[in-house]
Every structure is written in C-alpha cells, then in structure tokens.
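Student: I am new to this structure. Could you walk me through how to read its sheet?
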Amino acid sequence: MFIKIRRDTLIILLLAFMLIFSGRVMTYMSYASSTDVGNQGVEISGVIVHGNDIVPLDSIKASLSNVGFRSGSYIQGDTLVTTKRMVPLNEALANAQQAVMETTIPGTTITPISAASVSLNNQTGVLTVNIVESFSNIHIQGQGINGTY
C-alpha cells in the first residue's frame with residue numbers, strides 16, 4: 001500500500017524538517033558555547049543529612065529551606081544570597097544549625113535533636129548536616145504535660 005505524495009509537497013516537508021533541525025542545533029550550540037555565567041556565585045545544589053532516625057528528612061530540609069538554603073539561592077564570596085535577602089554565610093550557617101535543632105517530629109512538639117552541625121562546601125554548594133537524636137531529655141509542651149522528661 002503506497003501513499004501518493006507529490007514531489008513538491010515532499011520537498012516542502014524536507015525543507016521544513018531541515019529548518020527546524022538546524023534551528024535546534026544552532027540554539028543548542030549557542031547555549032553550549034556560551035561562557036557567560038553571570039555574576040552569581042555557587043548555587044546551593046543539595047542537602048545531605050546524616051544521623052536522622054526519627055525526624056523525617058522532609059522536615060529537616062523544610063527547616064533548612066526556611067533559613068535560606070534552597071534552590072535558587074547561591075553563595076557569592078562569604079554571603080548567602082536568597083530571593084529575599086543577603087545574609088553573611090557564618091550567620092546563615094548558625095541560623096541553619098538553630099533551625100535544625102528546633103525541628104520537631106511532625107504532628108507533635110517533640111524536638112529529639114540534641115546536637116547538629118551544619119557545614120557547607122563553597123566549591124560545590126552542597127550543605128551537609130550531621131544530627132544527633134536523643135530521647136533522654138525531651139521537652140514537651142501542651143495538653144497538661146508541660147515539662148522535661
């Protein structure tokens with residue numbers, strides 16, 4: 001079963017394909033050969049969390065995101081630049097450590113993280129968080145059971 005196509009229609013289709021293909025190739029080549037990266041520094045590329053057993057990873061990443069370590073933020077020199085503000089890097093790391101320490105188990109007010117260390121690789125933009133969880137000294141508030149247990 002053959003489909004009859006006129007010769008001029010085939011030539012027009014072939015030219016359209018060549019135009020689309022060459023446009024895509026030129027767009028890719030211009031993007032790949034560009035050296036302009038702008039004045040931005042190193043982007044925050046990821047978060048690695050070690051030591052969490054009880055507190056979910058999503059809760060910890062949400063706390064770090066609220067501090068400013070999220071996609072779209074970048075490090076320029078010794079400053080963390082977010083979409084809303086510019087924060088000195090040592091202050092941003094201290095805020096991140098405090099936010100991780102105050103992260104609760106979802107649905108409760110229990111904060112089992114007793115120690116946390118936050119470090120940032122300035123070359124790759126990877127934030128590493130080491131956590132120590134302890135249930136030996138938990139502060140609970142609400143429902144008439146306020147206190148440290």
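Tutor: Gladly! Two strands pair if DSSP finds at least two bridges between them. Strands (E, at least two residues) and helices (H or I, at least four) are DSSP runs, numbered from the N terminus. This is a predicted model, where local features need pLDDT of at least 70, side-chain atom pairs count only at pLDDT 80 or more, and totals for chains, interfaces and linings use all residues. Residues are numbered from 1 along each chain as its sequence is written, and side-chain values use heavy atoms, with hydrogens and water left out.

Student: In S7, which residue is the bridge partner of Val-47?
Tutor: Strands of a sheet pair through backbone hydrogen bonds, either parallel or antiparallel. Here, Val-47 has Leu-127 in S7 as its bridge partner. S2 and S7 (residues 126–133) pair in the parallel sense, over five bridges.

Student: What is the strand order of the open sheet?
Tutor: The order is S2-S7-S6, three strands with mixed pairing. Strands S2 (46–50) and S6 (113–120) each have a single partner strand, so they stand at the edges and one side of each is left without a neighbour in the sheet.

Student: Where does helix H2 lie?
Tutor: For angles, axes are lines fitted to C-alpha atoms, for helices over the stretch in contact (heavy atoms within 4.5 Å). Angles run from 0 to 180 degrees between N-to-C directions. Helix H2 (residues 57–67) lies across S2 and S7, at about 130° to S2. Helix H3 (residues 89–101) packs on the sheet too, touching S6 and S7, and its direction makes about 150° with that of S6.
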